[in-house]
Amino acid sequence: MDKLKMHTPNKADENFKKLAALFPNAVTETINENGEVVRAIDKDVLMQEISCTVVEGKEERYQFTWPDKKKSVLLANAPIAKTLRPCREESVGKDGTPEGFDSENLYIEGDNLEVLKLLQETYLHKIKMIYIDPPYNTGNNLIYHNDFHQATNDYLANSGQTDEAGNSLVQNPETNGRFHTNWLNMIYPRLRLARELLTDDGVIVVAIDENEMDTLSIVLKDVFGEAGYEHTCVTVIHNPRGQQGKNFSHINEYAIFVYPKGDKVIVDRRIEDEDVSWSQLRNWGGESERTDAKNCFYPVIVKDSQIIGFGNVCADDFHPAQTEFNGDCAYVYPIDRSGVERKWRYARQSVESIKDMLRAKKTATGYEIEIGKTFGVQKTVWSDTRYDANEYGTKIISELVPNNGFTFPKSLWTVYDALYAGVGKDLNAIVLDFFSGSATTAHAIMQLNANDKGNRKFILIQVPEATEEGSVSYENGFKNICEIGKERIRRAGAKIREDSPLITQNLDVGFRVLKCDTSNMKDVYYNPADYNADLFDLMTDNIKEDRSPEDLLFQVMLDLGIELSSKIEETVIVGKKVFDVADGFLIACFDADVTDETIKAIAQKQPYYFVMRDSSLANDSVAANFEQIFATYSPDTVRKVL
């Protein structure tokens, strides 16, 4: 059986393998700073292979950089030996039951850099939308502190996220000579990791104010690229009364939308299908005939009243009817009712990108193709009163969780409309917020699901930042921000169900709580060569004594890339506790003294994965029979040990 690695991947190693696969002749060997022979990439060979201009040294070029940018990349790529431990007592079931553990939503406590690393394999290209409201770098708020002077081994143990006093968050005053650098070193590695989680048509929305808006805009282009992504900045009227500056009273903030150009249609929440104003895709009036733009005369292919594709541009001597039928498909051309050959408004490559904005309307003789006149269009200034942070931010959370201590959190409807724009009619989207704060994102998703019977899931990440002693929140029992966020979700979910009991019967208003912690495995698990043989005799197990079987299960799920919201059932098989994850996809047993009978019963269930402890088997005889049992009953099961 193979052994699970039980730590996050080294992104630099993965990138090396990708380059080596593409350009094997560029792989070489060199001497590192320790005098060891290591594999490397020969830059000169690689330059020859890609046959384009490669910038070297201090040669002038367009770039965006700052002190420690290279180290930020290393920080994002470095592996960690951490895990996520479940906390049932703080979790809430789908129906709001305290300590329930069946919700598909996740609330994760921990440093978001570490958590994003832990989610890399499990949620690779699975997140439809990321919404974050990071620290604005006003000079007063706290940001993560990265100590780039640590050695790699120290980083693996500590992740470089504490200051000299052991604090994970530090103030970044404007008087600091590294004011912008510190903020960039905080946000950059997190955005790099977040990029890998988005689906191909995924959207990231980042809220920011005037302090770092320009900087953030460039960072997003640096991380996501300009060629493949559209980048739109929306001005949001956050506080109509304003916050007084030296010369201007700031009433607005910003939301920067980044999404793949051509693959995504941003949806305005105020426009439902039945409210769309439809008009002809076919041109009319002056310069609307076929001869005015020959590349705009092609068929729109319709099947069962649904647009399924677009045909090639027609030859000049081809003169079809307005609708021609070929089997089950109708080919619709831009010909008006008088028989005049006109043109579509857009060339084929353009209209393909707005296919979701079109519909086929059946007529007596065939079909007309219509376009939603305002469908999918968002204004770049959001000035509606629903975005007022006091009325729909502070007051909403204060009614739910009195004395919470949050001042001017985002309006619920600002986040709601951003989510609607990003995920629209995708009722099963996964949304990630890794600066979750007061948990407005979770509240907005539950409200959105209640309104359209969706099943969108949220993953919230928040460092358990301590509330200040003597503050209103501290005096009311909230010792850290996570406690406030979780309570807000509990009460918001209960209120949504109470307000609309008939349509929220199946609404998931719960969440599984997971907490980032050190690995469940002792150091010997990762570095057995560093320990003397006689020491192994003293160690009866390679798992830490304070870890539960459920702790082990979640680290296994992370290692195997199984979604942390998956259905989990606990059963007993021949006297041993067994976890069944995702209806038999994974079966895990961490009990001791496992016999042939238990192994046989598990093998007969034919799971995709089976995982157990290395020391679980009852005796040598069971160990000898193990592979034969699986070969007989489930040869395709992937067997792993820890």
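This briefing walks through the helices, strands and sheets of one protein chain. The model is predicted, so treat it as a computed picture. The chain holds 18 helices and 29 strands. Of its 642 residues, 51% count as buried. Look at contacts with a separation of 6 or more, and 71% of them come from residues 24 or more positions apart.

**Two helices side by side: H17 and H18**

- Helix H17 covers residues 596–603 and helix H18 covers residues 620–633; they pack at an angle of about 20°, and their axes lie 9 Å apart.
- Angles under 35 degrees count as roughly parallel, and H17 and H18 are therefore roughly parallel to each other.
- Their crossing is right-handed.
- H17 brings Asp596, Ile599, Lys600, Ile602 and Ala603 to the contact, while H18 brings Val622, Asn625, Phe626, Ile629, Phe630 and Tyr633.
- Sort the residues of this contact by class and you get 8 nonpolar, 1 polar and 2 charged.

- Helix H10 (residues 412–423) packs against helix H11 (residues 440–452) at an angle of about 60°, with the axes 9 Å apart.
- That angle makes H10 and H11 oblique to each other.
- The crossing of H10 and H11 is right-handed.
- On the H10 side, the contact is made by Leu412, Trp413, Val415, Tyr416, Leu419, Tyr420 and Val423.
- On the H11 side, you'll find Thr440, Thr441, His443, Ala444, Ile445, Gln447, Leu448 and Asn451.
- The contact of H10 with H11 has 10 nonpolar and 5 polar residues, and no charged ones.

**The sheet of 4 strands**

- A quick reminder before the sheets: strands of a sheet pair through backbone hydrogen bonds, either parallel or antiparallel.
- Here, 4 strands form an open sheet in the order S16-S15-S18-S17, and the pairing is antiparallel.
- Strand S16 (306–310) and strand S17 (323–326) stand at the edges with a single partner strand each, so one side of each has no neighbour in the sheet.
- From one strand to the next, the twist averages 30°.
- Inside this order, strand S15 (residues 300–303) and strand S18 (residues 329–332) pair in the antiparallel sense over 4 bridges.
- If you want a spot to look at, find Lys303, whose bridge partner in S18 is Cys329.

**The sheet of 3 strands**

- Another open sheet has 3 strands in the order S14-S20-S19, with antiparallel pairing.
- Its edge strands are S14 (278–280) and S19 (358–362), and each of them pairs on one side only.
- The twist in this sheet averages 45° from one strand to the next.
- S19 is joined by 5 bridges to strand S20 (residues 367–372), and the two run antiparallel.
- Across that pairing, Lys362 stands opposite Tyr367 in S20.

- Strand S25 (residues 568–573) and strand S26 (residues 576–581) pair in the antiparallel sense over 6 bridges.
- Thr571 stands opposite Val578 in S26.
- The hairpin has 2 residues between the strands, and Val574 takes a positive phi near 50°.
- One last thing to keep in mind while you look at strands: in a regular strand the side chains alternate between the two faces of the sheet.

Notes:
Residues are numbered from 1 along each chain as its sequence is written. This is a predicted model: local features need pLDDT of at least 70, side-chain atom pairs count only at pLDDT 80 or more; totals for chains, interfaces and linings use all residues. Side-chain values use heavy atoms; hydrogens and water are left out. Axes are lines fitted to C-alpha atoms, for helices over the stretch in contact, and angles run from 0 to 180 degrees between N-to-C directions. Angles under 35 degrees count as roughly parallel, over 145 as roughly antiparallel, 65 to 115 as roughly perpendicular and the rest as oblique. A crossing is left-handed if the near helix is turned anticlockwise from the far one by less than a right angle, and right-handed if clockwise. Contact means heavy atoms within 4.5 Å. Ala, Val, Leu, Ile, Met, Phe, Trp, Tyr, Cys and Pro count as nonpolar, Asp, Glu, Lys and Arg as charged, and the others, Gly among them, as polar. Two strands pair if DSSP finds at least two bridges between them. Buried means under 20% relative accessible area, exposed over 50%, partly exposed in between (1.4 Å probe, protein chains only).
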